[in-house]
Amino acid sequence: MLRWAALTDSSDDELDDGVEEAEELQEAHSYQHYQRVLDCQRAGETEKAVQGYRKLLTSAYLSASSKDGTQSQTRTRLKYLCLKNLATVYAGSPGKSLKYYLQATELDKTDVMVWYHIGVLAVQISNMALARYAFESGLECSSSNWLCLEKLLGVCVLCVVCV
C-alpha cells in the first residue's frame, strides 16, 4: 500500500535523531574548545584561558539541560573541569579561586584534592570554620589522605590556641 506524506513532514523519531546528532556535535565542539583552552593555560596565557573557560561555562551546550531537567554526565564533567581549572588559574587570588572550587563541589563532592585546596585557601583568608569543614570533607572522600589530616590537625590546634 502506498503512503503519501509531505516532504517537510517528519516523524518524532527522525527529529530525536537529529537532536541527538546536534548534541553530539555540540559536545565534540565543546571538548575541542576545552582542549584549546587547556593549551592556552599550559602555555601561560592565563587571560586567554580565563576567557575560554568563561565562554565554555556560558555556552549553550553547558547551559542546556535534558528533557527531564537534569544535565548529562558529560556536560556536568566538562563544567566541573572548567570550574576547577579556573580555580587553578586564580591560585594567586584566594577569594576568586575559592569561589570556583566551591562551585565545582556543587557538581562533584568526591574529589579529595578540591577539598584540600578549599581548606588551604580558607586558612589563607582566616576562615577556620570553612577550612575545618573542607579538610573533614576531604577525609570523608579518602580517610587515608595525609594532606587533609595534617592540615585538619593544624587548624584544630590553631583554634584551641586562639580560644
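At what angle do helix H2 (residues 46-57) and helix H4 (residues 73-89) pack, and how far apart are their axes? In this predicted model, the two helices pack at an angle of about 150°, and their axes are 10 Å apart. The protein chain holds 8 helices and 0 strands.

**Overall make-up**

- Read from the N terminus, the elements of the protein chain follow the order α-α-α-α-α-α-α-α.
- The protein chain has 163 residues, of which 34% count as buried.
- Taking contacts in the protein chain between residues at least 6 apart in sequence, 47% link residues that are at least 24 apart.

**Helix H2 against helix H4**

- An angle over 145 degrees counts as roughly antiparallel, and at about 150° H2 and H4 are therefore roughly antiparallel to each other.
- The crossing in which H2 passes H4 is left-handed.
- On the H2 side, the contact is made by Thr 46, Val 50, Tyr 53, Arg 54, Leu 56 and Leu 57.
- On the H4 side, the contact is made by Leu 78, Lys 79, Cys 82, Leu 83, Asn 85, Leu 86 and Val 89.
- The residues of this contact between H2 and H4 comprise 9 nonpolar, 2 polar and 2 charged.

**Helix H4 against helix H5**

- H4 and H5 cross at roughly 160°, and their axes come within 7 Å.
- H4 and H5 are therefore roughly antiparallel to each other.
- H4 passes H5 in a crossing that is left-handed.
- From H4, the residues that meet H5 are Thr 76, Lys 79, Tyr 80, Leu 83, Lys 84, Leu 86, Ala 87 and Thr 88.
- From H5, the residues that meet H4 are Ser 97, Tyr 100, Tyr 101, Gln 103, Ala 104 and Leu 107.
- The residues of the contact of H4 with H5 fall into 8 nonpolar, 4 polar and 2 charged.

- With a relative accessible area of 4%, Leu 83 is buried, because the cut-off for buried is under 20%.
- Apart from residues up to four places away in sequence, Leu 83 touches Leu 57, Tyr 100, Gln 103, Ala 104 and Leu 107.
- Leu 83 and Leu 57 lie 26 residues apart along the chain, and their C-alpha atoms are separated by 8.2 Å.

**The end of helix H1: Cys 40 and Gln 41**

- Cys 40 lies in helix H1 (residues 12-42), and Gln 41 also has its place in helix H1.
- Cys 40 is buried at a relative accessible area of 14%, and Gln 41 counts as buried at 18% relative accessibility.
- Not counting residues up to four places away in sequence, Cys 40 touches Glu 45, Lys 48 and Ala 49.
- Cys 40 and Gly 52 are 12 residues apart in sequence, with 8.9 Å between them in space, C-alpha to C-alpha.
- Gln 41, with neighbours within four places in sequence left aside, is in contact with Ala 49, Tyr 53, Asn 85, Thr 88 and Val 89.

**Thr 105 in helix H5**

- Thr 105 is found in helix H5 (residues 94-107).
- Thr 105 counts as buried, at 6% relative accessibility.
- With its neighbours within four places in sequence left aside, Thr 105 is in contact with Val 114, Trp 115 and Ile 118.

**Cysteines**

- The count of disulfides comes to 0.
- Cys 141 is in no disulfide, and the nearest cysteine sulfur, which belongs to Cys 148, is 8.1 Å away; a disulfide needs sulfur atoms within 2.5 Å.
- Cys 141 counts as partly exposed at 32% relative accessibility.

Key: Residues numbered from 1 in each chain as written. Predicted model: local features only at pLDDT ≥ 70, side-chain atom pairs only at ≥ 80, totals over all residues. Heavy atoms only, no water. Axes fitted to C-alpha atoms, helices over the stretch in contact; angles between N-to-C directions. Helix = DSSP H or I, 4+ residues; strand = E, 2+ residues; numbered from the N terminus. Parallel < 35°, antiparallel > 145°, perpendicular 65-115°, else oblique. Left-handed = near helix turned anticlockwise from the far one by under 90°. Contact = heavy atoms within 4.5 Å. Nonpolar A, V, L, I, M, F, W, Y, C, P; charged D, E, K, R; others polar. Buried < 20%, exposed > 50% of the residue type's maximum accessible area, 1.4 Å probe, protein only.
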